Amino acid sequence: SVGNTDSRGALIVLEGLDRCGKTSQSGKLLSHLEGLGHSAELWRFPDRTTSVGQMISAYLLNQSQLDDHTIHLLFSANRWEKSQLYLMIVQRQKTELCIWHWGGCEGYSGAICALGSYGSSLGVIISLGFLEHGHSIVCYHLRSMMETKLKAGTTLIVDRYSYSGVAFSSAKGVDVEWCKAPEMGLLAPDVVLFLDIPPEKAAERGGYGGERYEHLEFQKKVAQCYQILRDSSWKMAAEGIDEVEKELHDIVVDHVLACKKGKPLSLLWS
Ligand code: Z5A
């Protein structure tokens with residue numbers, strides 16, 4: 001497990017085939033939790049806003065070609081970059097760009113960790129610390145970090161996670177254990193909500209767009225790979241949009257309350 005057993009937010013992951021309804025249900029879950037007064041946020045992978053995410057997006061849109069192993073590692077890197085905290089400091093005199101990793105910046109790491117949950121005020125305090133030590137700061141950028149958010153009490157509803165990474169790459173023939181390896185050490189979800197619909201039915205919903213994996217034959221292979229990955233802890237939901245919504249509400253609220261009571265965080269596949 002990671003850290004202590006203080007109250008925290010829950011890590012909720014939605015998985016399934018293309019068009020299974022993850023995006024629709026994620027939005028409904030967010031409204032439901034906020035309506036109950038819980039702090040919650042929506043995340044999705046791939047996060048196409050980062051530089052790694054832009055490479056992934058170009059690949060999915062068939063604008064670039066990448067080896068299957070390479071794109072798998074990029075999807076994984078896209079999760080790692082969102083799980084870590086980076087502080088980017090530009091030193092004016094040396095015109096040098098330094099990127100300090102969370103905890104890896106000697107002398108400041110204690111302060112950074114101690115202030116981990118104070119959001120944007122943290123950036124101001126760290127900036128002042130650097131100024132005191134003779135640095136001239138032009139700008140800083142603080143990436144949100146999964147663990148920090150959870151420990152600050154925010155529940156994260158995540159549309160696709162490592163299971164998509166393994167299911168989609170292994171459907172192309174990449175070894176499952178090889179696919180899991182770069183995901184090890186990321187935070188394990190508190191619950192995986194699998195929207196389980198037949199690939200043929202998913203294909204009928206709103207039609208597929210033009211992205212790389214949006215083909216029925218490939219989605220059938222992905223469905224088989226999800227069967228290998230899933231375990232008894234996964235919660236399955238399959239029926240109409242309103243029924244799925246009701247089913248997920250109760251499951252999610254139970255997990256949010258368990259995490260508020262101090263369920264420890266754990267790591268994926270470790
Ligand atoms: N990928 C990967 O290879 N490796 C990785 O590590 C990760 C991802 C993270 C991009 O994902 C691709 O990246 C994805 C996996 C791969 N490729 N595929 N396939 P994305 O997130 O950009 O795309 P997506 O996950 O496939 O999302 P989507 O197309 O937006 O589908 P969705 O979110 O699951 O569905 P939706 O938008 O909520 O609903 C689709 C339609 O169905 C819509 O018209 C709804 O109104 C309707 N709907 C939803 N639920 C229902 C029910 N219950 N009944 C009837 N109709 C419904």
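**A parallel sheet, its covering helix and the ligand shell**

In this predicted model, strand β6 (residues 191–195) and β7 run parallel and are joined by three bridges. One of the pairings seen from β7 is that of K235, the bridge partner of L193. These two strands belong to an open sheet of five strands, paired in parallel and ordered β2-β5-β1-β6-β7. Because β2 (40–44) and β7 (235–237) stand at the edges with a single partner strand each, one side of each has no neighbour in the sheet. From one strand to the next, the twist averages 20 degrees.

Helix α1 lies across β1 (11–16), β2, β5 (155–159) and β6, and runs at about 170 degrees to β5. Of the 24 residues around the ligand, the nearest are D18, G21, T23, G165 and F168.

Most peptide bonds are trans, and most residues other than glycine have a negative phi. The bond from F45 to P46, however, is cis, with omega near 0 degrees, and P46 is found in the loop between β2 and α2 (51–60). Positive phi values occur at N62, near 60 degrees, and at R160, near 75 degrees. N62 lies in the loop between α2 and α3 (68–83) and counts as exposed because it has 10 C-beta neighbours inside 10 Å. R160, in the loop between β5 and α7, has 22 other C-beta atoms within 10 Å and is therefore buried.

Methods
Residues numbered from 1 in each chain as written. Predicted model: local features only at pLDDT ≥ 70, side-chain atom pairs only at ≥ 80, totals over all residues. Near = placed C-beta within 6 Å. Pairing = 2+ DSSP bridges. Helix = DSSP H or I, 4+ residues; strand = E, 2+ residues; numbered from the N terminus. Axes fitted to C-alpha atoms, helices over the stretch in contact; angles between N-to-C directions. Contact = placed C-beta atoms within 7 Å. Buried ≥ 20, exposed ≤ 12 C-beta atoms within 10 Å, placed from the backbone.
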